[in-house]
Amino acid sequence: MGDFNVVRRPDERFNSVFCARLANDFNNFVHENGLIDIKMGGHRFTYFRNGDLKLSKLDRFLVCPKFIDLAPSATVTALPREISDHCLILLSTSWRDFGPPPFKMFNSWLSRDGFEKVFITA
C-alpha cells in the first residue's frame, strides 16, 4: 500500500503528462509479482497538484492472490482530501450483509379471469 508515484493507465491522470514507459514498467512489476490492484471507490484520483488542476491516481493497495482468498470482499475507498495533497485510502475487509435485496412491484393489474398479474424486479 502506498504512494507509488506512477500511474498504470492514461485515464489515471488529468491535466498532467502520462509516461507510457513508466506505466509499462509499473504494470510489469505488478504482473511479474502476481499482484492485484484492488478497485478503488470514493474518489477517482488520490493526488492533487497546482490548485487541484492536475490530478493523478498515485495511491493504491496491491495485494497477492492469497489475500483475496482470505478477504474476497476487500474494498478500497479514497476518502475526502483534508490537509495533504493526497487522499487517504482505506482498505476494508469486513463483510456487510444487508439482508435480501428489496423488491419493487409495478405494472400490476387484474386480468379478465380475476387474477392479479404482477411483475417483480429485484
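The model is predicted: local features need pLDDT of at least 70, side-chain atom pairs count only at pLDDT 80 or more, and totals for chains, interfaces and linings use all residues. Residues are numbered from 1 along each chain as its sequence is written, and side-chain values use heavy atoms, with hydrogens and water left out.

The protein has 2 helices and 12 strands. Helices (H or I, at least four residues) and strands (E, at least two) are DSSP runs, numbered from the N terminus.

**Overall picture**

- Along the sequence, the elements follow the pattern β-β-α-β-β-β-β-β-β-α-β-β-β-β.
- The protein has 122 residues, and 27% of them count as buried. Buried means under 20% relative accessible area, exposed means over 50%, and partly exposed lies in between (1.4 Å probe, protein chains only).
- The accessible surface comes to about 9000 Å². Carbon and sulfur atoms hold 58% of that surface. Accessible areas come from the Shrake-Rupley method with a 1.4 Å probe; for residues, only the protein chains shown count as cover.
- Among contacts between residues at least 6 apart in sequence, 55% join residues at least 24 apart. Contact means heavy atoms within 4.5 Å.

**Helix α1**

- Helix α1 has 13 residues, 20–32. At 1.5 Å a residue it should span 18 Å, and its end C-alpha atoms are 18 Å apart, which agrees. The expected span is 1.5 Å times one less than the number of residues.
- Ala23, Phe26 and Val30 are the buried residues of α1. They cover an arc of only 65° around the axis, which puts them on the same side of α1. The arc is that of the directions from the helix axis to the C-beta atoms.
- After α1 comes Gly34, with a positive phi near 65°.

**The mixed sheet**

- Three strands form an open sheet in the order β4-β9-β10, with mixed pairing. β4 (40–41) and β10 (89–92) stand at the edges with a single partner strand each, so one side of each is left without a neighbour in the sheet. Two strands pair if DSSP finds at least two bridges between them.
- β4 and β9 (residues 75–78) run parallel and are joined by 2 bridges. Gly41 has Thr77 of β9 as its bridge partner.
- β9 and β10 pair in the antiparallel sense over 4 bridges. Here Thr77 has Leu90 of β10 as its bridge partner.
- Side chains alternate along β9. Val76 and Ala78 point to one face and are buried.

**The antiparallel sheet**

- Another open sheet of 3 strands has the order β2-β6-β5, with antiparallel pairing. Its edge strands are β2 (13–14) and β5 (47–49), and each pairs on one side only.
- β5 is joined to β6 (residues 54–56) by 3 bridges. Tyr47 stands opposite Ser56 in β6.

**The nonpolar core**

- The largest nonpolar core has 13 residues. Ile38, Met40, Val76, Ala78 and Ile89 touch the most other members. A nonpolar core is a set of buried Ala, Val, Leu, Ile, Met, Phe, Trp, Tyr and Cys residues joined through side-chain atoms within 4.5 Å.
- Leaving out residues up to four places away in sequence, Ile89 touches residues including Met1, Met40, Phe61, Val76 and Ala78.

**Loop residues**

- Asn5 sits in the loop between β1 (2–3) and β2. Its relative accessibility is 54%, so Asn5 counts as exposed.
- Asn5 and Asp59 are 54 residues apart in sequence. In space they are 7.7 Å apart, C-alpha to C-alpha.
- Asn50 lies in the loop between β5 and β6. Its phi is positive, about 55°, although Asn50 is not a glycine. With a relative accessible area of 44%, Asn50 is partly exposed.
- Asp52 also has its place in the loop between β5 and β6. Its phi is near 65°, a positive value in a residue other than glycine. At 40% relative accessibility, Asp52 counts as partly exposed.
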